[in-house]
Amino acid sequence: MEAARALLLESGPQAVTLKAVAARIGRTHANLLHHFGSAAGLQKALAANIAESVTAKIGTAIMRARETDHNPREVVDLTFDAFDKEGAGALASWMILTGNHDVLEPILESVQKLVDMIDRDHPHEGMTLQEETLHLVLMALGDALLGAPMAQALGLPRDKARALATDAMLRAHLHP
């Protein structure tokens with residue numbers, strides 16, 4: 001998974017192939033084919049790995065926020081980073097565009113598990129947790145794909161989408 005993630009971040013989702021990962025770790029294509037079944041199987045495993053790692057970090061941040069006075073920007077940054085710096089946005093977009101929608105399943109399942117875990121005692125003021133999650137994930141995905149050139153074209157700071165997402169989360173909790 002480390003080799004696949006490195007290829008994703010270095011060269012994009014189209015580079016995450018059985019042959020490329022095998023070469024990176026000194027194995028044969030047949031070894032990886034046996035383990036993953038196909039390039040799609042490898043990509044699905046990578047998506048699951050990224051999703052589990054990221055939702056665990058976000059869950060920890062949310063639980064910590066409930067115990068302390070917390071700035072929601074941490075959750076925003078973790079979510080945006082997952083889609084941008086950790087490659088989830090590029091991988092998800094590539095899989096959608098190539099018709100490999102089942103790669104999204106592990107991402108969606110991890111997000112749903114996180115929402116279920118924290119929804120038990122989530123204060124439903126303003127937006128529901130599901131609505132907040134949808135809003136944040138779509139903003140993070142859009143920012144990962146088009147945020148830098150759009151911010152530049154509009155003369156805005158690069159982190160403006162993150163600031164807008166943070167403001168939206170604060171408003172959702174301050175103004176029911």
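Let's start inside the fold: Ser110 touches Ala51, Glu52 and Thr55, leaving out residues up to four places away in sequence, where contact means heavy atoms within 4.5 Å. Ser110 sits in helix α7, and it counts as buried because its relative accessibility is 9%. Buried here means under 20% relative accessible area, exposed over 50%, and partly exposed in between, with a 1.4 Å probe and protein chains only.

A word on the model itself. It is predicted, so to speak, with local features needing pLDDT of at least 70 and side-chain atom pairs counting only at pLDDT 80 or more, while totals for chains, interfaces and linings use all residues. Residues are numbered from 1 along each chain as its sequence is written, and side-chain values use heavy atoms, with hydrogens and water left out.

The protein chain has nine helices and zero strands; both are DSSP runs numbered from the N terminus, helices being H or I with at least four residues and strands E with at least two. Its C-alpha atoms fill a box of roughly 55 × 40 × 30 Å along the principal axes. Of its 176 residues, 38% are buried. Among contacts between residues at least 6 apart in sequence, 66% join residues at least 24 apart.

Helix α4 covers residues 39-67, and its 29 residues reach 42 Å from first C-alpha to last, close to the 42 Å expected at 1.5 Å a residue; the expected span is 1.5 Å times one less than the number of residues. At the start of α4, a side-chain oxygen of Ser38 comes to within 3.3 Å of the backbone nitrogen of Ala40.

Now to the largest nonpolar core, which has 38 residues; Val16, Val21, Leu46, Ile50, Val75, Leu91 and Leu136 touch the most other members. Such a core is a set of buried Ala, Val, Leu, Ile, Met, Phe, Trp, Tyr and Cys residues joined through side-chain atoms within 4.5 Å. The largest share of this core, nine residues, comes from α4. In soluble globular proteins, nonpolar side chains tend to be buried together.

Gln43 also belongs to helix α4, and it counts as buried because its relative accessibility is 8%. The table lists partners of Val16 and Gln43, not counting residues up to four places away in sequence.

| Residue | Contacts (heavy atoms within 4.5 Å) |
|---|---|
| Val16 | Ala4, Leu7, Leu8, Leu42, Gln43 and Leu46 |
| Gln43 | Pro13, Val16, Leu91, Met95, Asn100 and Val103 |

Key. Polar contact = N/O pair within 3.5 Å; in protein donor to acceptor, adjacent residues only side chain to side chain.
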